[in-house]
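This briefing covers pockets and helix packing. Please look over the sequence and structure below before reading on.

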Amino acid sequence: MKIMSTCKEVSELLSQGQDRQLGRVEKFRLNLHLLVCQGCRNFSDQIFFIRAAVKRYIERG
Amino acid sequence: MAEDTPASAPDGNELAQFRSYLMRYALLQLRDQTAADLGEAALVDALFVKNGHWTRPPASWGSPDQSFENSRFWEAFEMCSKLMPEKTARVFVMREVMDRTTEEICKEMNITATHCWVILHRARLSLRSCLDIHWFGTSR
């Protein structure tokens, strides 16, 4: 198993993190990648923002 | 609270409204469904290069929560939500609006958990890219 995940894999894991509990190995790989990748850190923030935006959208009516 | 004042907490009616909103656009899109599906796959392809790196790494959105106060943000948000293919919109609404678990969605849509995660991921990628281009403007 390669240690470093690609951005594509990490974006998938970040998304799945919104839908299921990630395993310990997955979290480790994720955090290792995020440590060195600003693009994926931004993506992570942005999918949390999208979730919040949907909630706000409903509240606005 | 006056009856015509929107309540701050979402009630069943508002959820149904959002759902019917997305469904309506999803239905309008049906005739262009093949195009929408192809577009979705093409988007994912376009976002990453062969070695799995971002074609264009996501740039920071700064303090995006400030956009909540701007009605034009919500116009962009609505426009971007309409771009999802029908099935994607359906799954996304079940997850993000109706707060269903992946298991429940799989059962109702008769799809595997893996397929469900792929659909939700595509929905987020598409919404993210669209907001990036049309609102946050970091892709220009």
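A crossing of two helices counts as left-handed if the near helix is turned anticlockwise from the far one by less than a right angle, and as right-handed if it is turned clockwise. The model is predicted, with local features needing pLDDT of at least 70 and side-chain atom pairs counting only at pLDDT 80 or more, while totals for chains, interfaces and linings use all residues. Residues are numbered from 1 along each chain as its sequence is written, chains are lettered from A and ligands numbered from 1 in the order in which they are written, and side-chain values use heavy atoms, with hydrogens and water left out.

**Helix packing**

- Helices are DSSP runs (H or I, at least four residues), numbered from the N terminus.
- Axes are lines fitted to C-alpha atoms over the stretch in contact, and angles run from 0 to 180 degrees between N-to-C directions.
- The axes of α3(B), residues 71–81, and α6(B) come within 9 Å and cross at roughly 145°; α3(B) passes α6(B) in a right-handed crossing.
- Contact here means heavy atoms within 4.5 Å. On the α3(B) side it is made by B:Arg72, B:Phe73, B:Ala76, B:Phe77, B:Met79, B:Cys80 and B:Ser81, and on the α6(B) side by B:Leu127, B:Cys130, B:Leu131, B:His134, B:Trp135 and B:Phe136.
- That contact of α3(B) with α6(B) has ten nonpolar, two polar and one charged residues, where Ala, Val, Leu, Ile, Met, Phe, Trp, Tyr, Cys and Pro count as nonpolar, Asp, Glu, Lys and Arg as charged, and the others, Gly among them, as polar.
- α5(B), residues 102–109, packs against α6(B) at an angle of about 105°, with the axes 9 Å apart.
- α5(B) and α6(B) are therefore roughly perpendicular to each other (65 to 115 degrees; under 35 is roughly parallel, over 145 roughly antiparallel and the rest oblique).
- B:Thr102, B:Ile105 and B:Cys106 of α5(B) meet B:Ala113, B:Cys116 and B:Trp117 of α6(B); five of these residues are nonpolar, one is polar and none is charged.
- In chain A, α1(A) and α2(A), residues 24–36, pack at an angle of about 125°, with their axes 10 Å apart, which makes α1(A) oblique to α2(A).
- α1(A) passes α2(A) in a left-handed crossing.

**Pockets**

- A pocket is an open set of points on a 1 Å grid over the protein atoms alone, where a 1.4 Å probe fits, with protein on both sides within 12 Å along at least five of seven lines; lining residues have an atom within 4 Å of a point.
- Grid points are joined across faces, edges and corners, and a volume is the space filled by probe spheres set on the points.
- The largest pocket has a volume of about 390 Å³. Of its 23 lining residues, B:Leu43, B:Ser126, B:Ser129, B:Cys130 and B:Ile133 are the closest to its centre.
- α6(B) gives the most to the lining of the largest pocket, with seven residues.
- By class, the lining of the largest pocket has twelve nonpolar, seven polar and four charged residues.
- The second largest pocket holds about 180 Å³ of space, and its lining includes A:Lys8, A:Glu12, B:Trp117 and B:Arg122.
- α6(B) supplies the largest share of the lining of the second largest pocket, six residues.

How values were computed. Helices (H or I, at least four residues) and strands (E, at least two) are DSSP runs, numbered from the N terminus.
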